[in-house]
There are 2 protein chains.
Amino acid sequence: MDTVRRIEAVLAEVLGEVNGPQAPRQLAAALKHAVFPGGARIRPRLCLAVAMACGDDAPALANAGAAAIELLHCASLVHDDLPCFDDADTRRGQPSVHKAFGERLAVLAGDALIVLAFQTVSAQVLHAPQRCAKLLATLSHGVGMPFGIVAGQAWECESTVDLGHYQRAKTGALFSAATSIGAAAAGHACEPWLDLGRWLGEAYQVADDIRDVASDALELGKPTGQDLAHGRPSAVSALGLGGAVARFERLMTHALESIPDCPGSRSLQALIRAESRRLIPTHLARPVHAARRELESRPA
Amino acid sequence: MDTVRRIEAVLAEVLGEVNGPQAPRQLAAALKHAVFPGGARIRPRLCLAVAMACGDDAPALANAGAAAIELLHCASLVHDDLPCFDDADTRRGQPSVHKAFGERLAVLAGDALIVLAFQTVSAQVLHAPQRCAKLLATLSHGVGMPFGIVAGQAWECESTVDLGHYQRAKTGALFSAATSIGAAAAGHACEPWLDLGRWLGEAYQVADDIRDVASDALELGKPTGQDLAHGRPSAVSALGLGGAVARFERLMTHALESIPDCPGSRSLQALIRAESRRLIPTHLARPVHAARRELESRPA
C-alpha cells in the first residue's frame, strides 16, 4: 500500500469508529467533511516517510501517529476558518466546516478531532508504552501551550510578535512533531529528526505566506490575501516577496541537508523535493529548482 | 491536604508548566481565567473521592486524572459560553473567557485545555502504563464522539433529540469518566463505579435545568433562562418543574444506593450528600433532604 492510501485508510478507520449510528449525525458529517477529501496530507506523509526511513517496525503505531498529526492539523484548519479568525468560506476547494454546518458544529468538530487524535495514539499504549509515551508527549508539545500550533495561533492576538517564534509555533511545531513521531514510532531517537521538521515547518509557513499573495483562490482552494486582510504577521510583509522567496529557498536547502544518514534517506529526499514543487508558484521558484538539482547531482 | 486543596494545587501545577514566560501572554491569561477561580470542582472531587475509596495507592495518577477531568470541563464551559452557543457574558461570577479576552482566545483556550488534559495523564504513562491506558481511553470516551460531552453538545444541533441520550452525553459522560478514572487510578475495576457516575451526571444535568429557571443570576454566577432562550432540550420543559424535581430526587437516591461496598463509601456518601444540597434551590428540595435523612438512618 502506498503512503497516501495508507493514510487515507487509517483516517477512514479512526473516523469510522467514532462516527457510528449512535453519534449525532450532524457532528459526524462535520468531522468527515473536515477530514475528507484531504489536502496534500504533507504532515502525515512526512511522519510515515520518517518512520519508513527508520525501519517502520511498528506500522500500527506509525499509522496512529500519522493519523493523529493529520487530525490535529484538520482541527486547526476548522477553528482557524471560523468567523472570529479568518472567516474563510472555502477550504480545500469546498465550503469550510462552519459554512457547511454552522459555527457551533465547527467549534465542536475541532474539539472532537483533537480528542480523537489523542484517543488514536492512546489506543496503542498497552502495545508499546515507551514509544507511546514519547508520541503523546510530542503531540502535546506540537499542539498545546506554550510552543504548539494553538500557541502559534495565539501569537496573532499579541501586540508584538517575533516572526520566527510565531512561525515555529504556528507551523513548525506540528512538522517537528511529524518527524519526531515518525522516528519514535519506529523506536528511533527523535532528536536527530527535529531539525528536519523545524526547517520544513518554517519553509512551509513562508511558502503559505507567499501563496497568500501570489496565487489565485481557485488554485489555492481557499481565499487569498488573508494575511493582509487580518493584519497577520507574514514573511511577505516582513521581507517583501523577493525576500520571502529567498528565505524559502534557504530553509528548503537546510531541510534537505539535515536529513540524517539512514536507509530511507533517498525516498525521503524525493518526497520533500516533490512537495517543495507544490509549495510556491513555479515562476517564483527557479532558484529552488536549481538548488535542488545541485543537491541531486551530489554523490549519495 | 484536603481534597479541594489537592485539586487546586495540581491544577496550578499543570497550568504553571505550560504558562511560562515563553507562552503568548494573552492565551496564558485566558487559560488561567478559565480554570481559576474554580466552581464547585464537583467532577475532580468525585474522581478523587472514588480513588480514596479505592485506596488511592497511586496519588499522582489520581491527581492527573482529576485535573484532566476538570480541565476538560473548563474547556467545555469556555466553548459553550461562546457567542455561537450560549453567548454567556458571565461564568462563575466573572466575565466569561470570550468577554474578557475575545472570541479568538476563547476558542484557543478551550483547545489548549483539551490538549493539556491529555498531556497531564500522558505524562504518567511510563509510571503506570496499564492504568494510564484505561485513564486515557476513559477520558476520550467521556469527552469525544460518539458518547462524550462534545457529542452531548452536538445533540443540541439535531432536529430530534432523545432527552436521556442527550443528558447522558452532555453531562453524564464526564461524571462517569470521573468515577471510572478515580477507580482505575487506584488500580480497581471501573465497571462497579460506572453507575454512580451515570446517576450523578443525569441528576446534575436535571438540577442544572432546574436552576436555570428557579435561581437568580447572582446566585448562579451565570445568566439564567438560557435553555428556553436557546430552545435547548431541558428536563423542566419536558417534565415541568415539579416533574424535574421528582426526577432529580429519584436519580440522587439511585446514585447513593449504587456506591459499591468499600472502605471509603461513607465519606463518598457524605460528599455526594453535601453536593446535592447545593444542586437545587433549597425550597424545591424538601423531599430530597427527607430521602437523604432516611438513607443516613439506615445501618451502614
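# A tour of the two-chain model

Start in the loop of chain A that runs between helix 2 (25-35) and helix 3 (42-53), where A:Pro37 lies. The model is predicted. Select A:Phe36 together with A:Pro37: the peptide bond joining them is cis, with omega at about -10°. Stay in the loop between helix 2 and helix 3 of chain A and move to A:Arg41. Phi of A:Arg41 is near 50°, a positive value in a residue that is not glycine. For context, most residues other than glycine have a negative phi, and most peptide bonds are trans.

**Chain A as a whole**

Zoom out and show chain A as a cartoon. Its secondary structure amounts to 15 helices and two strands. The radius of gyration of chain A is 18 Å, close to the 19 Å that the globule rule gives for 300 residues, so chain A is as compact as a globular protein of that length.

Now display chain B beside chain A. Two copies of a chain are related by a rotation about an axis and a shift along it. Here, a rotation of 180° with 0.0 Å of shift along its axis places chain B on chain A, at an RMSD of 0.0 Å. That is the relation of a two-fold axis.

Select the contact between the chains next. It takes 48 residues from chain B and 48 residues from chain A. On the side of chain B that touches chain A, the elements giving two or more residues are helix 2, helix 6, helix 7 (129-143) and helix 8 (149-154) of chain B. Helix 6 of chain B supplies the largest share of that side, 14 residues.

**Helix 2 and helix 6 of chain B**

Select residues 25-35 of chain B for helix 2 and residues 103-122 of chain B for helix 6; their axes come within 9 Å and cross at roughly 70°. That makes helix 2 of chain B roughly perpendicular to helix 6 of chain B. The crossing of these two helices of chain B, helix 2 and helix 6, is right-handed.

Which residues of the two helices meet? From helix 2 of chain B, show B:Gln26, B:Leu27, B:Ala30, B:Leu31 and B:Ala34; from helix 6 of chain B, show B:Leu105, B:Ala106, B:Leu108, B:Ala109, B:Ala112 and B:Leu113. The contact of helix 2 of chain B with helix 6 of chain B has ten nonpolar residues, one polar and no charged.

**On to helix 7 of chain B**

For the contact, select B:Ala117, B:Phe118 and B:Val121 in helix 6 of chain B, then B:Cys132, B:Leu135, B:Leu136 and B:Leu139 in helix 7 of chain B. The residues in the contact of helix 6 with helix 7 of chain B comprise seven nonpolar, no polar and no charged.

Follow chain B into the loop between helix 7 and helix 8, the place of B:Pro146. A cis peptide bond joins B:Met145 to B:Pro146, with omega at about 0°.

**Last stop: helix 3 and helix 14 of chain B**

Select residues 42-53 of chain B, which form helix 3, and residues 265-279 of chain B, which form helix 14; the axes come within 9 Å and cross at roughly 165°. That makes helix 3 of chain B roughly antiparallel to helix 14 of chain B. The crossing of helix 3 of chain B with helix 14 of chain B is left-handed.

Show side chains for B:Ile42, B:Arg45, B:Ala49, B:Val50 and B:Ala53 of helix 3 of chain B, and for B:Ser265, B:Ser267, B:Leu268, B:Leu271 and B:Glu275 of helix 14 of chain B, which make the contact. The contact of helix 3 of chain B with helix 14 of chain B divides into six nonpolar, two polar and two charged residues.

Terms used: Residues numbered from 1 in each chain as written. Chains lettered and ligands numbered in written order. Predicted model: local features only at pLDDT ≥ 70, side-chain atom pairs only at ≥ 80, totals over all residues. Axes fitted to C-alpha atoms, helices over the stretch in contact; angles between N-to-C directions. Helix = DSSP H or I, 4+ residues; strand = E, 2+ residues; numbered from the N terminus. Parallel < 35°, antiparallel > 145°, perpendicular 65-115°, else oblique. Left-handed = near helix turned anticlockwise from the far one by under 90°. Contact = placed C-beta atoms within 7 Å. Nonpolar A, V, L, I, M, F, W, Y, C, P; charged D, E, K, R; others polar. Least-squares fit on C-alpha atoms with pLDDT ≥ 70 in both. Rg over C-alpha atoms; globule rule 2.2 N^0.38 Å.
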